[in-house]
Structures are given as structure tokens and as C-alpha cells.
Amino acid sequence: MAYRNKTYVCFDGDTDMHYYRLMQAWHQNDKSEFSFYNAHELNSARDTSQEESIKRQLRERLRNSKVLVVLIGENTRYIFKFVRWEMEQALALSLPIIGVNLNGLRQQDPERCPPIIREELALHISYNPAIMQHALENWPNAHARLRAERKTGPFYYNANVYRQLGL
């Protein structure tokens, strides 16, 4: 099995692509603390006419990933063909999931959160490079500990964590 060190980002490509591009810019900015190993850079899904071919490549990316970041926008909960499928695969692989609320909410947004992860062990945060970096560095270990304790359901950081990060 490959070493899992990548971050897989799942999002509504039709309406939320600019949020993903901004994450990439945070990562590339030398002055930013934000960094992630992008699973989408591993290979490219070129065959747009063959859904199974695309899913095969996405499955390989997920197997090389340490964490799944779900950018939760207004329509994310309605995207089934790939977005829901990606979350299903992550759950099957027991990947830690970080739900990132694009509307700035610091805990699970029950109106926008995709139903498939609503009751699952997942961390919910706001869209910000500092809290995202903190989550990428800390949630995988916390997730493993909580799973071992058989905990489930949505988690979020309290206001002190945001305050310590200057947010």
C-alpha cells in the first residue's frame, strides 16, 4: 500500500472551483503557513466520457490520501455522481473527513452538510487557511483516537482554538 500523505479535496466543481483554486494559492504562497499535499496532482482524469475510468483514478487518489477535505457550499449536498461517491469511498477507507463550510460557519451546517456525512465522525470548520492548516495537522490523529473510542458524529473546534489562531 502506498504511503498516505495526500489531501483529497472534494467539492462542487461547477460552483465552488474558485474556493479550491484559492486553497491552491494559499499552498503556493511562500508567506503562508498553509500547506497540503494535493491528491489531485497525482494524475489526471482525462477520459470524461467514461465514468468508471474517472472513478478508478479517483479511487487511487483516495487510497493515497491521508484526509478528505469536503468544501461544503450551497449545492454540495445535491451532487451525487462524484461528490457523494467520493465521500462514500472515504468512509469505506476510514479516512478522516474535514467539512469546510464555505459560508464561514465554525460547526456543522445542517442545512448544507451532505447527509452522508451528517452523522459520521467528521470535523466541521470554517473556510480559512489558519484553521484549515490546524485541522490538517491535528484532525487525522484525533480522528484515529476518537474512532478507537468508538465516537461518532460531528465535531468542531471551540472558540478558544480559533482565538489561539488569531481568528
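Rings of Phe, Tyr and Trp (its six-membered ring) count as a pair if their centres lie within 6.5 Å. Keep in mind that the model you see is predicted. By this rule there are 4 aromatic pairs, and ring pairs link Tyr-19, Trp-26 and Tyr-127 into a cluster.

A pair of aromatic rings is described by the distance of the centres and the angle of the planes. For Trp-26 and Tyr-127, the centres are 4.9 Å apart and the planes stand at 40°, so this pair is tilted. Trp-26 belongs to helix H1 (residues 17–28), while Tyr-127 sits in the loop between strand S4 (122–126) and H5, so the pair ties together parts that are 101 residues apart in sequence. Both Trp-26 and Tyr-127 are buried.

Next, have a look at Trp-139 and Phe-155, an aromatic pair that is tilted, with 6.0 Å from centre to centre and 45° between the planes. Because Trp-139 lies in helix H5 and Phe-155 in strand S5 (residues 154–156), this pair ties together parts that are 16 residues apart in sequence. Trp-139 is buried, with a relative accessible area of 3%, whereas Phe-155 counts as partly exposed at 25% relative accessibility.

Stay with helix H5 (residues 129–148) for a moment, and you will find His-143 there. His-143 counts as buried because its relative accessibility is 5%, and buried means under 20%. Leaving out residues up to four places away in sequence, His-143 touches Ser-94, Leu-95, Pro-96 and Leu-121.

One last stop brings in a charge over a ring: Arg-106 lies over the face of Tyr-162, at 4.0 Å from the ring centre.

Methods. Residues numbered from 1 in each chain as written. Predicted model: local features only at pLDDT ≥ 70, side-chain atom pairs only at ≥ 80, totals over all residues. Heavy atoms only, no water. Helix = DSSP H or I, 4+ residues; strand = E, 2+ residues; numbered from the N terminus. Buried < 20%, exposed > 50% of the residue type's maximum accessible area, 1.4 Å probe, protein only. Contact = heavy atoms within 4.5 Å. Phe/Tyr/Trp six-rings, centres within 6.5 Å; stacked < 30°, edge-to-face > 60°. Lys NZ or Arg CZ within 6 Å of the ring centre and 35° of its normal.
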